[in-house]
Amino acid sequence: MKYKKIKQQFRLVGMKNNGAFTDFGTEVPKAAQQFIAKAADYKHLVGTEIAVFESKKGEQHLNGQYYVGLIVDDASNDVPDGMDVIELNEEYVTARGSINQIGSLHNGLVKWAAEQEFRRNPEAYIVETYHPVENGDEEVEVYLPVYA
């Protein structure tokens, strides 16, 4: 797995959701499907699928918020009801791989970041971008926020 540290900016139009961290693995894909269905009504909403997640801040932090959406080039004034424009500009450690290995990507990034002595930034959103590949498969790029 190839890991790296980068400064990255994201601009997205997305829908906010809340839920238990333990349910994110099933709830986020469902919310993303609902978002994509709604976004299909708006011709200007095209781009790479993205999800941003609140970081879990400890064992007692059971519920969090997340956004599902699409990366956009500019913050249009024509944002559909129930959707928000989110802009992020952070330092991240990142890796890309099969969506089927998303847990391994996250765990590998956490381990690599610690080995490199990068400190996680719990105040910034974790980002995942989703990329279709051949045979109907999908890759995910995971961005874990770290301090500069």
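**Aromatic pairs.** I looked up ring pairs in this predicted model. I found 10 aromatic pairs. I started with F21 and F24, whose pair is tilted. Their ring centres are 5.2 Å apart, and the planes make an angle of 55°. I then checked burial: F21 is buried, and F24 is buried too.

Next I took Y92 and Y143. Their ring centres lie 5.6 Å apart. Their planes meet at 75°, and planes over 60 degrees apart count as edge-to-face, so I logged this pair as edge-to-face. I placed Y92 in strand β4 and Y143 in strand β6. The pair therefore ties together parts that are 51 residues apart in sequence. I noted Y92 as buried, at 0% relative accessible area. Y143 is buried as well, at 6%.

I also traced a cluster: ring pairs link F21, F24, F53 and Y66.

**The nonpolar core.** I turned to the largest nonpolar core, which has 29 residues. Which members touch the most others? I listed V28, F35, L45, F53, Y66, V68 and V93. Several elements supply at least two residues each, among them β1 (4-20), β4 (84-98) and α2 (102-115). α1 gives the most, with 6 residues.

**Background.** In soluble globular proteins, nonpolar side chains tend to be buried together.

Notes. Residues numbered from 1 in each chain as written. Predicted model: local features only at pLDDT ≥ 70, side-chain atom pairs only at ≥ 80, totals over all residues. Heavy atoms only, no water. Core = buried A, V, L, I, M, F, W, Y, C linked by side-chain atoms within 4.5 Å. Buried < 20%, exposed > 50% of the residue type's maximum accessible area, 1.4 Å probe, protein only. Helix = DSSP H or I, 4+ residues; strand = E, 2+ residues; numbered from the N terminus. Phe/Tyr/Trp six-rings, centres within 6.5 Å; stacked < 30°, edge-to-face > 60°.
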